[in-house]
Amino acid sequence: MKKYLTRFLTMLPALALLDIIMNPAFAADHHAKPWQMGLQNAATPVMERITEFHNMMLYIIFAVAIFVLLLLIYVVIRFNSKANPTPATFSHHSLIEVIWTVVPIIILIVVAVPSMKLLYYTDRVENPDMTIKAVGYQWYWGYEYPDNGDISFTSILVPDDEIDESKGQKRLLSVDNPLVVPTQTNIQVIVSSVDVIHNFAVPSFGIKKDAIPGRVNETWINVKEPGTYYGFCSELCGKGHGFMPIEVIALPKDEFDAWAAQAGTDYASYHEYKAHLDTEASVSSLNE
Ligand SMILES: [Cu+2]
């Protein structure tokens, strides 16, 4: 009983708000956690602004909900048949009617202005430093780098029985060839599909773009810190929908350039590239 009560309590939005304000426990790495509340930690300026907007909305929603709750409690106590045996019979009050029309309009305007600004900010970036193309297939992603010698590769889920946790692989999230991006770079992301509608979504980047056959959609990222980030296809696309994750490895600019130089010829897979680097390092240390 106590267990269910605790679970119920953890679902209260009030605690979610507290969680956002006080709990940096999800900050370290970028994928969903069991019993996580709130949004994933922001890794791009877009997600930072989305998080700010979301938090602002929570305060407004809580204020409205608490105000309405207090009004209801007041009415139940003050105007029940015992406390108020002979009810008044009037039915209109112009001032109150104006207030309950105008106040919600003001609240909506307060919400709409930052909302529209955010919408345009997330839409596209002017003069991007590079372009990456993400193409949805049933059921995996393909990535292309038109600015880096047309590197292209597919990115396929690592099956459950091949997951190697010692390498930090995660079930249903890790792929054979992750998308590799440089940090601190404005990257235009072109999203399309070749078969059905997919959706390219990475929560900590604040992006979620439909991949539509025969159409090109655009979004952008600028990843602040190196790290591994995860996302999913977020449009029901058939039986493999839950098995086409997005794994993104963000590298400092110079490391990205080193990978990109090799990727065109030998090592499109970042993992193979890393293993190759490690063997090279151990061979040269043997020669010393
Ligand atoms: Cu899909």
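The model is predicted. The protein contains six helices and 10 strands, and 23% of its 288 residues count as buried. Among contacts between residues at least 6 apart in sequence, 63% join residues at least 24 apart.

**The helix pair α3 and α4**

- Two packed helices are described by the angle between their axes and the distance between the axes.
- Helix α3, residues 45-78, packs against helix α4, residues 94-123, at an angle of about 170°, and the axes are 10 Å apart.
- Angles over 145 degrees count as roughly antiparallel, and α3 and α4 are therefore roughly antiparallel to each other.
- The crossing of these two helices, α3 and α4, is left-handed.
- On the α3 side the contact involves V46, R49, I50, F53, M57 and I60, which meet I107, V111, P114, S115, L118, Y121 and T122 of α4.

- Strand β6 spans residues 198-202, and five of its five residues are buried, so the strand is largely enclosed by the rest of the structure.
- The side chains of H198, F200 and V202 point one way from β6, whereas those of N199 and A201 point the other way; all are buried.
- β6 runs antiparallel to strand β7, residues 207-211, and five bridges join the two.
- Within this pairing, F200 has K209 of β7 as its bridge partner.
- Four residues lie between the strands in the hairpin of β6 and β7, where G206 adopts a positive phi near 70°.
- β6 also pairs with strand β9, residues 227-233, in the antiparallel sense over two bridges.
- In β9, F232 stands opposite A201.

- Strand β2, residues 140-145, is joined to β3 by five bridges, and the two strands run antiparallel.
- The bridge partner of Y143 in β3 is F153.
- F153 is also one of the residues of β3 (residues 151-155) that point to one face and are buried, together with I151 and S155.

**Backbone features in loops**

- Most residues other than glycine have a negative phi, and most peptide bonds are trans.
- The peptide bond from Q138 to W139 is cis, with omega near 0°; W139 lies in the loop between β1 (130-137) and β2.
- W35 has a positive phi near 65° and is not a glycine.
- W35 is placed in the loop between α2 (13-22) and α3.
- A residue is exposed if 12 or fewer other C-beta atoms lie within 10 Å of its own, and W35 counts as exposed because it has 8 C-beta neighbours inside 10 Å.
- L172, likewise not a glycine, has a positive phi of about 65° and belongs to the loop between β3 and β4 (179-182).
- L172 counts as partly exposed because it has 16 C-beta neighbours inside 10 Å.

How values were computed: Residues numbered from 1 in each chain as written. Predicted model: local features only at pLDDT ≥ 70, side-chain atom pairs only at ≥ 80, totals over all residues. Buried ≥ 20, exposed ≤ 12 C-beta atoms within 10 Å, placed from the backbone. Pairing = 2+ DSSP bridges. Contact = placed C-beta atoms within 7 Å. Axes fitted to C-alpha atoms, helices over the stretch in contact; angles between N-to-C directions. Parallel < 35°, antiparallel > 145°, perpendicular 65-115°, else oblique. Left-handed = near helix turned anticlockwise from the far one by under 90°.
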